[in-house]
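Dear colleague,

I am handing over the structure we spoke about, and I would be glad if you could look through it alongside the notes below.

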Amino acid sequence: MERREFLKSAGAAALFVNAPSELVAAAANSKPQIGGEWDQGQVRHLLPTVSDTEMLIKASFFEPQKYPPVLRVDSITVSGKMTDTQGEFWQFHVRNLKPGRTYQLNLKSHRGAYLCEPWELATFPDKNASPDQFRALFISCVGGHEAMGFLTPEVRNRLLKRALSFKPQATIVNGDHVYWDLLSPVTSKRDYGGSTEKAFKIAGQFDRAGVVLGGDNETVLKKAVGPQLTPIYKADFRSTPVFFLQDDHDYFDNDDATDEIVTFPPSYFMMQLARSTQSMYYPEFLADTSRPKGLPFSYAADRPVGVSESFGTVRYGKLAEIVLYDVRRTATLAGPSAVYVDTNVEKWLIDRTQSNEVQNLVHCPSNPPGWSLGKWGEWYPDVLLAEEKKLTTAIPKPYWQSGWLKQHDRLMTSLSSNKSRTPLVISGDMHSIALGSMMRSGSNDFSSNPVNVALSGTGGTYRGGWPSSGRRKTPAMTSGVLDFKEEIKPIEQHGFTLVDFTKDKMVLSFFKWDVDTQTIGDIDNLQPFHVKQLPRA
């Protein structure tokens with residue numbers, strides 16, 4: 001393949017930072033390039049992440065590579081490391097880079113043939129730098145197999161391209177990249193279940209007693225997962241760092257608890273499916289000096305040096321820090337002393353929240369605070385009264401652990417108690433777009449510095465996957481243990497959220513697209529339907 005001159009993208013524009021909402025809408029008319037001019041060559045998909053001094057890139061190829069491909073980052077050369085057993089999937093870990101610098105990347109075969117067109121990728125600013133602006137894209141629940149009724153990959157890709165047209169400098173994809181439930185009595189044998197005849201025809205059946213990589217399970221895994229990721233992301237994020245956080249479905253099950261089965265914490269086989277998916281398709285979280293090395297599922301010998309699989313940091317100089325945490329992998333069932341995140345993870349989260357190293361700090365857990373659907377695996381004890389379509393805390397929730405709410409309260413208290421910042425939590429999971437303020441949880445009063453909570457919006461929910469159209473027949477509602485003010489009640493539409501960080505405020509811009517009333521072409525012109533400014537406390 002001939003090397004072509006790299007097409008430089010325009011720098012990130014601060015569209016929403018200072019503009020009122022009517023100017024925001026007028027400024028947001030830039031359209032994404034649906035066709036795209038960058039040549040993917042042999043690359044099926046490519047997803048990078050960065051820190052201030054490192055890059056980690058996951059890639060797959062249309063044809064297996066018998067020998068390690070080579071990535072050149074300016075003058076640094078790194079050989080790929082195979083992450084499957086067939087040579088289709090490779091990762092590239094580049095270290096000792098300079099902060100705040102844009103690098104040119106070239107990906108070649110072992111013989112020196114270009115595998116795709118060169119591209120650019122920048123490291124984040126030094127941790128002590130003081131950038132003026134940072135824009136982050138938040139979205140969740142982008143997964144799902146088209147054959148199971150989810151949005152086509154083309155539509156999801158188009159929604160992501162619209163988001164990318166606003167030039168975010170980082171993207172957080174919060175959970176549910178895969179829907180292929182295997183054991184849940186609620187979902188595994190219907191809808192998107194991985195134990196249905198349709199699923200068996202698409203991918204085959206897993207052998208839970210077999211190894212995940214190196215046998216038939218690897219073939220099943222690729223057939224089940226590949227269509228939910230590679231045609232949706234392609235290589236469109238090659239110059240935009242991504243941070244993928246796992247949630248329940250990424251462990252190949254729904255969070256259910258019955259006398260028949262309690263699906264979480266994940267079993268060994270669930271863990272191997274989740275780890276293998278992450279290893280092949282999307283990057284882990286790079287090392288951060290403020291994150292302890294000994295956190296669970298960090299610094300594993302079979303992973304790139306220093307990465308964490310479940311707990312991440314998006315650090316953009318002194319301007320912003322986003323802490324990401326998976327609540328499924330370390331959850332315990334210990335009643336009053338139960339936790340969602342390991343106690344050492346909780347300590348790290350609280351330490352970062354109480355520290356004033358950065359001007360803006362955001363929590364991004366895989367399980368959202370604020371709202372409830374009456375599900376078992378939530379922070380809250382609410383039970384859904386199906387006929388009344390109401391939540392109640394008067395009825396004990398079977399198998400729910402009271403310690404989960406205690407940990408929630410400790411984390412929310414840490415956010416509210418730092419009066420130098422405006423607290424913000426952004427999550428996904430509930431297939432909704434929402435915004436509110438948590439004033440109180442139980443006896444914990446946050447009214448002097450309320451905790452702002454947002455649901456980012458979903459990228460791929462199928463028609464039966466909305467809470468009000470599924471088995472619950474009601475949208476998400478605020479938990480009965482909270483004093484909570486809703487500014488945007490949960491909206492069950494596809495969409496995403498952009499957050500602009502400056503030294504004196506955070507600005508949230510919410511986007512939505514209605515699959516029932518809008519055309520696919522309307523995605524190209526989406527504008528914020530709601531803009532929220534959060535001045536620093």
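The notes that follow cover charged pairs, cysteines and a surface patch.

Please keep in mind that this is a predicted model. The structure holds 30 salt bridges, and E284 takes part in two that I would like to describe here. With K58, the closest N and O atoms are 3.1 Å apart, and this pair links distant parts of the chain, since E284 lies in the loop between α5 and β12 (311–316) while K58 belongs to strand β2 (residues 55–61), 226 residues apart. With R303, the closest N and O atoms of E284 are 2.7 Å apart, and both of these residues sit in the loop between α5 and β12, 19 residues apart. E284 is buried, and K58 is buried as well, while R303 is also buried, with a relative accessible area of 7%.

A further salt bridge joins the side chains of R275 and E309, at 2.8 Å from N to O; because R275 lies in helix α5 and E309 in the loop between α5 and β12, the pair ties together parts that are 34 residues apart in sequence. Elsewhere, R44, D84, E88, E218 and K222 are linked in a network of salt bridges.

As for the cysteines, a search of the whole structure finds 0 disulfides. For C141, the nearest cysteine sulfur is that of C364, 12 Å away, and C141 counts as buried at 1% relative accessibility.

On the surface, V262, L333 and Y399 form a nonpolar patch with about 230 Å² of accessible area together. V262 lies in the loop between β11 (242–245) and α5 (268–281), and V262 is partly exposed, with a relative accessible area of 32%.

Notes:
Residues numbered from 1 in each chain as written. Predicted model: local features only at pLDDT ≥ 70, side-chain atom pairs only at ≥ 80, totals over all residues. Heavy atoms only, no water. Patch = residues over 30% accessible without salt bridge, like charges linked within 9 Å, V, L, I, M, F, W, Y side chains within 5 Å. Areas by Shrake-Rupley, 256 points an atom, 1.4 Å probe, with all protein chains shown as cover. Salt bridge = Lys/Arg side-chain N within 4 Å of Asp/Glu carboxyl O. Helix = DSSP H or I, 4+ residues; strand = E, 2+ residues; numbered from the N terminus. Buried < 20%, exposed > 50% of the residue type's maximum accessible area, 1.4 Å probe, protein only. Disulfide = S-S within 2.5 Å.
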